[in-house]
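Visitor: Please take a close look at one part of this chain for me. Pick a single residue and show me its surroundings.

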Amino acid sequence: MASVWSQAESNGRVYYYNTVTKATQWTKPEELMTPSERALANQPWKQHTSPDSRPYWYHTETKQTTWEMPEVYKNALAQSSQPPKPQLP
């Protein structure tokens, strides 16, 4: 099934356009996200890059920062990369 969302760019910034509703938004729609992006979308920890190109993580609720990847972030990444478990009858 083709997505109703398309990616566009304005002044070097990516945005998303819904071809059905004509809505636009800066955040990537869930249906365009990779499994990893979907797993991390609801995490309070967000990965950023420092001016010297080092990755760091920022907690959006507590405002805490760390250079080490938080365990919950690692777990979300690991779960998104595992194949789904088969359903037993």
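Guide: Asparagine 18 is buried, because its relative accessible area is 7% and buried means under 20% (exposed is over 50%, partly exposed in between; 1.4 Å probe, protein chains only). This is a predicted model, in which local features need pLDDT of at least 70, side-chain atom pairs count only at pLDDT 80 or more, and totals for chains, interfaces and linings use all residues. Residues are numbered from 1 along each chain as its sequence is written, and side-chain values use heavy atoms, with hydrogens and water left out.

Now the setting. Asparagine 18 belongs to strand E2, residues 13-18. Strands (E, at least two residues) and helices (H or I, at least four) are DSSP runs, numbered from the N terminus.

Next, the side chain. From asparagine 18 it reaches the backbone nitrogen of valine 20, at 2.8 Å.

Then the neighbors. Leaving out residues up to four places away in sequence, asparagine 18 touches Val4, Trp5 and Ala23. Contact here means heavy atoms within 4.5 Å.

Step back to the whole chain. It holds two helices and six strands. From the N terminus on, the order is β-β-β-α-β-β-β-α. Of its 89 residues, 17% count as buried. Among contacts with a separation of 6 or more, 21% come from residues 24 or more positions apart.

Finally, the surface. The chain exposes about 7,100 Å², and carbon and sulfur atoms supply 52% of that. Accessible areas come from the Shrake-Rupley method with a 1.4 Å probe; for residues, only the protein chains shown count as cover.

Notes:
Polar contact = N/O pair within 3.5 Å; in protein donor to acceptor, adjacent residues only side chain to side chain.
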